[in-house]
Amino acid sequence: FSSSVSNATRYITKLTNAEEDGFNWRPKSWDEIYYTLSINKSFYDEAKAEGQEQYMAISEIMAAFNFDYITSLWGDCPYTEALMSKEEGIVYPSYDRQETIYPDLIRRLEAANDALAATSLAIDANADIMFHGSVLKWRKFANSLRLRMLLKESRPLPSAISEIQAMASDKSRYPVFTSNDDAAEIPYVEQYRWPMGPALGGALTDQFKEFIKRRPSKEIIDYMVPREDPRLEALFDKVEDKESCTVDFNDYVGVPIALKSPYGYNGGQSGISKTVSTFCKDKFYQDTNDYLKASMMIYPEVCFILSEVVQNNGVSVPGETAESLYNKGIEASMNYWGVNDQTAIYAYLSNPLVKYDGTRKRILEQKWISLIVKGPEAWFDYRRTDDAIGLNEHLVADNLKQNFIPYRFIYPDNERSYNREKYEAALAVFGQDDINTRMWLAK
């Protein structure tokens with residue numbers, strides 16, 4: 001479902017097979033995530049049988065991460081009865097309400113953090129590709145993820161803010177990410193050539209098949225250019241043939257959403273690769289590097305979460321202000337993408353279009369930039385704030401099904417085919433199975 005997420009966050013515009021750009025979304029499968037959860041459950045069961053409470057806690061963190069994505073993308077979903085086909089014979093699980101799922105996931109994260117803090121059992125560094133056996137980093141991930149989820153539920157459940165305050169007031173019990181080194185990311189470990197696209201490798205594997213079709217959106221380029229964002233060069237390549245451009249003559253050019261003939265934008269089909277920017281080939285057209293990883297959460301997101309709740313919700317973070325956290329988030333994002341020139345970073349922070357101004361919109365805009373190709377959190381911010389980020393400002397095109405960003409994915413086809421009774425019972429409570437139905441988190 002990554003293409004739809006990239007469309008919804010306006011990071012990417014597709015040049016071919018672009019129906020999703022126009023929000024003509026079809027049902028999305030969640031089988032891969034539930035398959036991951038089933039493996040994770042086996043891991044938990046084995047750890048429990050062996051009395052390995054450190055691995056039980058890790059399993060709980062990963063379960064919360066994956067269930068969060070399912071319910072945040074689709075809404076109400078199988079939860080209590082999910083993953084019970086083997087032990088209980090439940091192959092047609094009922095759907096749980098999101099308002100019961102979400103607080104339970106947050107409870108599980110808190111319990112996992114406390115269990116890791118209390119255990120004396122070590123994590124095998126050789127088996128831990130993400131944190132190399134660091135109990136502290138696993139705790140930081142659990143608590144940072146809990147911050148993310150508490151903020152997401154704060155709209156329908158304002159008491160979530162008091163939980164964030166409790167976490168911010170007790171850093172020893174609730175450690176969170178404090179640098180880019182804490183990021184929850186798994187690197188691609190080898191190059192793997194597969195004719196239809198990447199499996200274990202990155203974008204080099206299929207740059208002339210699939211990845212080359214995905215170009216930076218006009219929205220993100222047109223936001224970064226006037227602010228002279230130093231990350232432009234780190235993220236995108238300049239237009240190769242400015243003389244052939246017909247519409248946009250800047251060094252960096254993004255593609256508008258939902259064009260009928262996106263390959264013809266700004267210079268004709270024969271010149272598309274030279275008249276529209278690509279993602280930086282030095283980073284994105286490789287199979288393995290430090291930038292392209294399976295990313296679950298990064299440090300800048302934590303900075304922007306805390307900045308927002310300090311500014312908008314009156315949360316107090318010892319030693320910090322909303323502005324200091326905002327600036328730390330931007331600087332961390334710069335460093336993450338390889339921009340380390342302090343003079344350039346300071347100039348950017350001083351730019352009137354960037355300088356902290358006490359508005360949530362500015363915080364969310366910089367959070368949006370920082371999370372490029374790192375997941376759908378900007379989409380969730382759009383829903384949570386009724387588009388305070390401004391993602392809908394330029395969504396005008398002939399090929400759009402609608403000129404605003406959808407709120408959710410449509411349930412998988414096989415739910416209607418094989419789990420129809422439970423599916424229909426869920427819709428009777430949830431609402432229409434439509435991309436614009438608001439789930440509990442967005443109400």
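This is a predicted model: local features need pLDDT of at least 70, side-chain atom pairs count only at pLDDT 80 or more; totals for chains, interfaces and linings use all residues.
Is Glu81 buried, exposed or partly exposed? I started my notes with that one, and Glu81 came out as partly exposed, with a relative accessible area of 25%.

**Entry 1: around Glu81**

I looked up where Glu81 sits, and found it in the loop between β2 (77–78) and α4. Then I checked a partner along the chain. Pro93 is 12 residues away from Glu81 in sequence, yet their C-alpha atoms are separated by 5.1 Å.

How many residues line the second largest pocket? I got 23, and those nearest its centre are Tyr34, Leu83, Ser85, Val91 and Pro93.

**Entry 2: aromatic pairs**

I searched the whole structure and wrote down 32 aromatic pairs. One of them joins Trp30 and Trp74, edge-to-face, with 5.4 Å from centre to centre and 70° between the planes. What does this pair tie together? Trp30 belongs to the loop between β1 (12–14) and α2 (31–50), while Trp74 is in helix α3 (residues 53–74), so the contact links parts that are 44 residues apart in sequence. I checked burial too, and both Trp30 and Trp74 are buried.

I picked out another edge-to-face pair, Phe131 with Trp138. Their ring centres are 5.0 Å apart and their planes make an angle of 85°. Phe131 and Trp138 are both buried as well.

**Entry 3: charges over rings**

I then looked for charged ends over aromatic rings. Lys28 has its charged end over the ring of Phe409, 5.8 Å from the ring centre. Arg408 lies over the face of Tyr411, and there I noted 4.6 Å to the ring centre.

**Entry 4: cysteines**

How many disulfides does the structure hold? I found zero. I followed up on Cys245, where the closest cysteine sulfur is in Cys280, 19 Å away, so that is too far for a bond. Cys245 is buried, at 6% relative accessible area. I looked at Cys303 too, and Cys303 is buried at 2%.

**Entry 5: Ala63 in α3**

Back to helix α3, which holds Ala63. Ala63 is buried, with a relative accessible area of 5%. I checked Ala63 against Leu37: they are 26 residues apart along the chain, and 6.3 Å separates their C-alpha atoms.

**Entry 6: positive phi**

Last, I went over backbone angles. Arg10 is not a glycine, but it has a positive phi of about 55°. I placed Arg10 in the loop between α1 (2–9) and β1. Is Arg10 buried or exposed? I have Arg10 down as buried, with a relative accessible area of 0%.

Ala258 is not a glycine either, and has a positive phi of about 55°. I found Ala258 in the loop between β6 (236–237) and α10 (272–275). Ala258 is buried too, with 5% relative accessible area.

Methods
Residues are numbered from 1 along each chain as its sequence is written. Side-chain values use heavy atoms; hydrogens and water are left out. Rings of Phe, Tyr and Trp (its six-membered ring) pair if their centres lie within 6.5 Å; planes under 30 degrees apart count as stacked, over 60 as edge-to-face and the rest as tilted. Helices (H or I, at least four residues) and strands (E, at least two) are DSSP runs, numbered from the N terminus. Buried means under 20% relative accessible area, exposed over 50%, partly exposed in between (1.4 Å probe, protein chains only). A charge sits over a ring if NZ of Lys or CZ of Arg is within 6 Å of the ring centre and within 35 degrees of the ring normal. A disulfide is a pair of cysteine sulfur atoms within 2.5 Å. On a 1 Å grid over the protein atoms alone, a cavity is a set of points where a 1.4 Å probe fits but cannot get out, and a pocket is an open set with protein on both sides within 12 Å along at least five of seven lines; lining residues have an atom within 4 Å of a point.
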